[in-house]
Amino acid sequence: MLEQSVVYLFVALVLIGGCMAAFSRQVLYAIIGLGISLLGLAGLFLSLGSPFVAAMQVLIYIGGITVAIVFAMMLSIAMSVRPPDPDVRKSMFAIGCAVVFFFAVAYLIRDTSFPQVASPASEKAWSVGALGHALLTHYNLVFETLSLVLLLAIIGAILIARKEKT
Amino acid sequence: MKTDIVQLFDNPYLALGATIAVIMAYLSVNAIMLIWLERKLSARIQRRIGPQRGPWGLMQQIFDMGKLLSKELLTPAHANKLLYVIAPIMVFAPVVALSSLFPITRTYIFHDFNIAIVLILAISGINVVGIFLAGWGSNNKYALLGAVRSVAQNISYEIPLILSVIPIVMITRTMSLYDIALAQSAYPFVLVQPIALIIFIIAATAETNRAPFDIPEAESELVAGFHTEYSGMRFGLFFFAEYSHMIFACALATVLFLGGWHGPILPDAVWFFIKVYALIVLMMWFRWTFPRLRFDQLMKFAWVVLVPLSLINLLITTLVLKLV
Amino acid sequence: MDTLLLILLTTGAPLACFVIALLFLVQRPRAAQGTVLFGSAVSVISAIGLLLQGAVAPLRFLWFQSGGIQLQFGFLLDGASLMFGVVVALITACIMLYSTGYMARDPGKTRYFALLSFFAWSMLSFVYAVDLLQAFIFWELVGLSSFFLIGFWFEKPEAAGAARKAFLMTRIGDVGLFIGILLILQLAQSFDLPGLLDPQSGLATRVSPDALNAIALLIFIGIMGKSAQFPLHTWLPDAMEGPTPVSALLHSATMVAAGVFLMIRLHPLFMAAQDAALIVLTLATFTAILSSTIAMVDSDMKKVLAYSSISQLGFMLMALAAGSLFAGVFHLITHAVFKALLFLCSGIYIHAYHTNHMVEIGRRGGRRLKTATLGLLIGGAALAGVPPLAGFWSKEEIFAQLGRDGFTLYMGGAFLAAFLTAYYTFRMIFLIAKPDRIRAADDSPSEPLAMKIPVWLLALGAIVLGLFGRNIASGLGLIAPHHTFASMLPAIGVVILGIAIAYFDYGRDNAPRTGFIGKIAPLNALFVNKWYIDDFYRVTLVAMTHALSRVLHWVETHILDNNYDRFGLGILRTGAKSTRIQNGWMQLYLGWAILVLAVVALVLG
Amino acid sequence: MTLEAYLIVAAALFALGLIGAMSHRNLIALLIGIELMMNAASLNLMAFNRFVVADPTVGQIFVLIIIGLAAAEVAIFLSIILRLYRAYRDIDAEKLTELSG
């Protein structure tokens, strides 16, 4: 019961944060909303039985990505600038699209019967060790590719963002 | 054998609440004591006497607390109210949440967690957001500049911090703090990983924004950095947070490098705290000994010295482990 | 030597030369000329080698297979193809050699020789083809290369027009041919020629006579186009616009011969389709007479030769339709030789005097060109059927066949055509070699050696080839019928009569120099105007086409254009409207994409 | 919670991200919307992995890779934002229209 309510709390965090991110005109609030939403998501991951991914979510998304976004915001938006008035038609269109999409997907989910496994995988199989083993054996190529992508991203980001010597 | 205190209770959430209460209490008292210690120590280093109220000046902190609690909580005119209020809590909260993971004794621990190190590294990053919110929410240019610096510094020093922890994980093949401490029954890892310890201490000092890495709150440049506009108990929370972070970092160093509770004759908990406070004294010693770095030197030190050094250390550790 | 290697050399050498010449030697005409000549020589030698080896089993290579139908490429090496292959290769080689003189100063020499080589390749491959579809492909390539060569001087509007006309007329025939081939495919599920023509299990044994007649007639339409039979013959005289060696090639061994050769190939089919054969016979006889009458009155030397070709082709088809494969093949071969000879001689005159007009050539001293005049005499005599030259023997076979099978009426037609042939041939000879007066002003024109050698060779062939009838018959696996002198008498008589009248009209001193036909005005007008066939076409087909195109033009401008304009404007307006969704506003694109996704989800889900 | 409940939450999160990505003019807000959508995908993968797939690691590895790629993507995106800001003094998506003729 209590556990259920904690999960619902996480869901609420996800959705409230998402709403903040989606509807707030202040970029900073949107970032905070993103942080809250991601935190809730980490909680959901925990409830889905993967503390490691949850921790990684917090470490990289909140500790890294959110902070980086905040940093970029500080460098690119003056604090005193008022956000521009929203374009009502645009927002309406966006909300319309999202609502239609949501209900379409909800309809699909309701109509589909997923072939669920009888019992969820055991805790042991979910351990970090198995994960690491899989990453370095079966998914080795993906892992290496990812590291290469990250390297390139770093180099690219530096190249793009550095000041040109004039 | 180890016993999770949490599991001694019928209701785990109640246990969690109780744990948090205990930790909060401990951290509060401890912060007061550390402030006293630091003032005394600095006075000693500077050949002064330091606080005088009460026996050995101990009452000075009680009075200061009273002053902070009774002060009016001012909010700057154009501040962003929500952020301004949330920020100190966000800075303080992660420490509280994570302190329960430390194995203080061989038998009784609050909670053993198989990926504790990842969790600690992950959640301790959140306080950066708090600092930033404080700086932005104050609507003050000194605060904002301090926050920007703080964020940059924290991001940069987090990398060598993580890299210096990884060798320990590689040696012990576990991420549970209890198991790591247990693995050091023969000798503490400082003997095999001295460079990692040094990097860890430096990075941790920077993470806690303490001198000589206290650029974000450099008095001479930025008044007081991100908490310039804070007063009363909100300011006090930042203060608490700083000392809590110190304890937290030193406890982590103790578990990872100094063998945790291991030690002859004395009980486990005593050994643990002796090591933690020794490290805290070391960090205080730094503060009053080394001059403050310039900001660009600070960043350069992280990226040019610490990161490569920790990478080399990691590489050597890998090679040695592979060969042995 | 290996048969496969030989056949590959025979057909492949011209193709290789064509490719080499066009790819590498455009700037070096002499090298191109040499390469092509060499290729031609290789082709001749290997073709002769093949002939000496004798008939062998067909070589087949699977091209692809679809369902039960196999499409093959390969070589059918029986008597007809072996002998005619040698003729084609030899005559092509002669004409190439001749062209080195005739086209010596032409700027497009490389193109010319390359195309000649290409022509040789397509004709040879057609001759040796084992598969009906393969034959059709090369049949079309023969048409294509003659289109190129007739229009070789494409900067001349007449040449370009003639090329177009030739291409379109033959294409009309090819439609019929193609439909016939498809019918064969549908009925026999096979394109394999030996299989189709097999006397035990071939097409003829399996299909109803009506279908067989239909197929034969459809194929004959193709032959009609290719071999210039009435009513599709009008392209051939126009095709004289090409260089004269090309005309020689076209009329002797390649283009028009392809039609006859197809009939030779499918001879059993035509023999099984009696009604169709009768129609062929009728049309061929009519063509032979028709074209001979036109040749009687035309003054253009090449046109006379062209009409004579049409009539001789008619003779061949008559022979084949009447049932004698041997007579057809024999006349095809002899005709190839003496017609090439005649054209080459005419080419020498044209080369020297730059005119096609026979009276003009004669008056400018054409007979001083010894080789040409001698060749003209021999070739003309062979064409007319003067014994014992080649043409006499092969025509005699035709007469004999017609007489044997009791086609009396057709035999009468054949004799009439033979009489006319002798008449117009010697009219031509007399006009050139015995002019009423000679303008002495011209310099003595030269005859290049390269042009003389082929003439000698072919003249030799025209003289002796008639004596090899038995060998040709045995090459085909037949026995040449025996002829008594008495049976030859009518043919000889007809020829002598023709020559005599020609002498009376043109040859003797103080001859009137107008044909006897000139006295019968309506006939003369009919012949001079080529039986009004071109005019008929102009009045009917062309005028109808023009009228139709005027109607269509009106429909186009008044009905279609307006609506197209409206349609176009509508699209423009739609575009202008729809640019709003293409406004660079990425978020809108995202929205539409998601909406579409949602719709897809709803529809599929 | 059932699998369907998780999926619905993910769909809702995705829809919110969509609104964020579509209605904002600020590039950073746009990026936030995109991040939300990616996380919705992560949640889907985790949920499916827990309830549907027999192999327990694959979904987690998926999510880890998504996180890694998101980090790379954010790095590039932010550097572009900084560059744009230096060049135009603005990061309003509707004002960066130099290419639209």
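A salt bridge is a side-chain nitrogen of Lys or Arg within 4 Å of a carboxyl oxygen of Asp or Glu. The model is predicted, with local features needing pLDDT of at least 70 and side-chain atom pairs pLDDT 80 or more, while totals for chains, interfaces and linings use all residues. Residues are numbered from 1 along each chain as written, chains are lettered from A and ligands numbered from 1 in written order, and side-chain values use heavy atoms without hydrogens or water.

Q: How many salt bridges does a search of the whole structure find over all chains?
A: Among them is the pair of E38(B) and R287(B), whose closest N and O atoms are 3.4 Å apart. Another joins D192(C) to R60(C), and R171(C) pairs with D174(C). Over all chains, the search gives a count of six.

Q: How far apart in sequence are the parts that E38(B) and R287(B) tie together?
A: E38(B) is buried at 3% relative accessible area, whereas R287(B) is partly exposed at 25% (buried is under 20%, exposed over 50%, partly exposed in between, with a 1.4 Å probe and protein chains only). Because E38(B) lies in helix α2 (residues 12–45) of chain B and R287(B) in helix α12 (residues 268–289) of chain B, the parts that they tie together are separated by 249 residues (helices, H or I of at least four residues, and strands, E of at least two, are DSSP runs numbered from the N terminus).

Q: Which strand of chain C holds the partner of D192(C)?
A: The closest N and O atoms of D192(C) and R60(C) are 2.7 Å apart. D192(C) is buried, with a relative accessible area of 12%, while R60(C) is partly exposed at 36%. D192(C) sits in the loop between α6 (157–188) and α7 (193–197) of chain C, and R60(C) in strand β1.

Q: Which residues share one network with R171(C)?
A: R171(C) and D174(C) both lie in helix α6 of chain C, three residues apart, about one turn of the helix, and their closest N and O atoms are 2.7 Å apart. D174(C) is buried, with a relative accessible area of 2%. Salt bridges with shared partners link R171(C) into one network with D174(C) and E140(C).

Q: How many salt bridges does the rule find across the interface of chain A and chain D?
A: Here 80 residues of chain A are in contact (heavy atoms within 4.5 Å) with 67 residues of chain D. Helix α3(A) gives the largest share of the side of chain A that touches chain D, 13 residues. Across this interface of chain A and chain D, the number of salt bridges found is zero.
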